[in-house]
Amino acid sequence: MNYTDAETPYTRIIEHKHFEFGLQPKTVITREYPALGTKNREPYYPVNDARNTKLFNQYRELASRQKQVIFGGRLAEYRYYDMHQVIASALKRCQIEFN
Amino acid sequence: MEYDYLIVGAGLFGSVFAYEAKKVGKRCLVIDKRDHRGGNVYCKEMEGIHVHWYGAHIFHTNDQKIWDYVNQFADFNRYTNSPLANYKGQLFNLPFNMNTFYQLWGVKTPAEAQAKIAEQVKSIPFSTPSNLEEQALLMVGPDIYEKLVRDYTEKQWGTTARALPAFIIKRLPLRFTFDNNYFNDQYQGIPIGGYNQIIDALLKGVELRLNTDFFSEKPYFESIANKMVYTGKIDEYFNYCFGELAYRSLRFITSAIAVTFPFIIGTP
């Protein structure tokens, strides 16, 4: 359930049992509160605006010179990947690496 | 060298890489600074429920190869993401579809809904958007924008929609059928038993060290493998030499509740 008004401080509540159609006697819910990404918070969503894209391209240029390191996944590629996209990206990388 | 690959991060990318590497006989070490494997798909078991510890993860894809790939490691149920919006206690179906339009305006046919939206958009006195608010108004008009877009977006970004750039909302798809399925993909579901079993199957037979921070022992880790797969923040890898990349974050507050009737919200 998304809370789309300003009065509710969280953006969403999820009730986890429904993901697997559970009928357990108790329930577990999670409220999601938005937060700004600072160094001590978990980084979830990259902000792909002009400033950060430029910054990322500078890092990517450095990364491309590290021949012994493969940079992959949401944080190393600075891309909002869904799960299927991360898996596709990893498999593609493996094909290059192992063939 | 002790290992062919050091893999930094036991999330999906690192775990898939480890699995494929092992298949071709490569020796891998996977490390992760957290106390669990799986990255953000990790599920924590509470009250017999698989709690999506880093937020809802609903698997969906149009790619049959990827669908077949994940189905090797778990059976998936037929879960369909059909979220609801709660605006000041009023409920609306998402994504924007005929159900939503009926709830907003009482319109019952696609033609009535299209006419209503055209009338809404026509009331907007400008044609070139210079910020997110203007962009959204031009796409869906004031009613949808005010009830379902504005406050939610402002909460997410911690600033006003007028201060946000238009590019954040590239499109706001409108669906003129009574269909609440959020995703358009052919395949969708949740692994029965949670995501951890997929990670465990991928990492089976691969050495894994948890609670292990790459940066605290960087020279050591760089000395034990021929190559590295790094899945952490790219700016941190380079010691933030050009500055910090921006992220949006979330705070999760999870509570277990004893209920007599088994549902509190009734929807994920």
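Modeller: A residue counts as buried if 20 or more other C-beta atoms lie within 10 Å of its own, as exposed if 12 or fewer do, and as partly exposed in between, with C-beta atoms placed from the backbone. By that count, 33% of the 99 residues of chain A are buried.

Biologist: What kind of model is this?

Modeller: It is a predicted model, in which local features need pLDDT of at least 70 and side-chain atom pairs count only at pLDDT 80 or more, while totals for chains, interfaces and linings use all residues. Residues are numbered from 1 along each chain as its sequence is written, and chains are lettered from A and ligands numbered from 1 in the order in which they are written.

Biologist: How many helices and strands are there in chain A?

Modeller: Chain A has two helices and five strands. Helices (H or I, at least four residues) and strands (E, at least two) are DSSP runs, numbered from the N terminus. The order from the N terminus is β-β-β-β-α-β-α.

Biologist: Why is chain A called more spread out than a compact globule?

Modeller: The radius of gyration is taken over C-alpha atoms, and the globule rule is 2.2 Å times the number of residues to the power 0.38. For 99 residues the rule gives 13 Å, but chain A has 19 Å, well over that value, so chain A is more spread out than a compact globule. Its C-alpha trace spans about 55 × 35 × 20 Å along the principal axes.

Biologist: How is chain A divided into domains?

Modeller: Domain 1 of chain A is 1–34 and domain 2 is 50–98. Those bounds come from an automatic or database domain assignment. The C-alpha centres of these two domains of chain A lie 32 Å apart. In chain B, domain 1 is 3–57 + 195–237 and domain 2 is 84–168. There the centres are separated by 40 Å.

Biologist: How many residues does the contact take from chain A and from chain B?

Modeller: Chain A gives 68 residues and chain B gives 79. Two residues are in contact if their C-beta atoms, placed from the backbone, lie within 7 Å. On the side of chain A that touches chain B, elements that each supply at least two residues include β3 (26–36), α1 (50–64) and α2 (83–98).

Biologist: How do the residues of that side of chain A divide?

Modeller: They are 39 nonpolar, 17 polar and twelve charged. Here Ala, Val, Leu, Ile, Met, Phe, Trp, Tyr, Cys and Pro count as nonpolar, Asp, Glu, Lys and Arg as charged, and the others, Gly among them, as polar.

Biologist: What makes β1(A) and β6(B) a pair?

Modeller: Two strands pair if DSSP finds at least two bridges between them. Two bridges join β1(A) to β6(B) (residues 84–87), so the pair meets the cut-off. These strands run parallel. One bridge has A:Y3 with B:N86 as its partner.

Biologist: Which strand of chain B does β4(A) join?

Modeller: β4(A) joins β11(B) (residues 247–258) through two bridges, and the strands run antiparallel. A:P46 has B:Y247 as its bridge partner.

Biologist: What pairs with β6(B) in the antiparallel sense?

Modeller: β7(B) (residues 90–93) does, over four bridges. B:Y87 stands opposite B:Q90. The hairpin has two residues between the strands, and B:K88 takes a positive phi near 50°.

Biologist: Which strands make up the open sheet, and in what order?

Modeller: The order is β5(A)-β10(B)-β1(B)-β2(B)-β9(B), with parallel pairing. The edge strands are β5(A) (69–71) and β9(B) (207–209), because each pairs on one side only. Neighbouring strands are turned by 20° on average, direction ignored. Axes are lines fitted to C-alpha atoms, for helices over the stretch in contact, and angles run from 0 to 180 degrees between N-to-C directions.

Biologist: How many bridges join β1(B) to β10(B)?

Modeller: Five bridges join β1(B) (residues 3–8) to β10(B) (residues 225–230). B:I7 is partnered by B:V229, and B:V8 by B:Y230. β1(B) also pairs with β2(B) (residues 28–31) over four bridges. There B:I7 stands opposite B:V30.

Biologist: Why is B:P165 called partly exposed?

Modeller: B:P165 has 13 other C-beta atoms within 10 Å, which falls between the buried and exposed cut-offs, so it is partly exposed. B:P165 sits in the loop between α6 (142–157) and β8 (187–189) of chain B. Leaving aside neighbours within four places in sequence, B:P165 is in contact with A:D49, B:N131 and B:L132.
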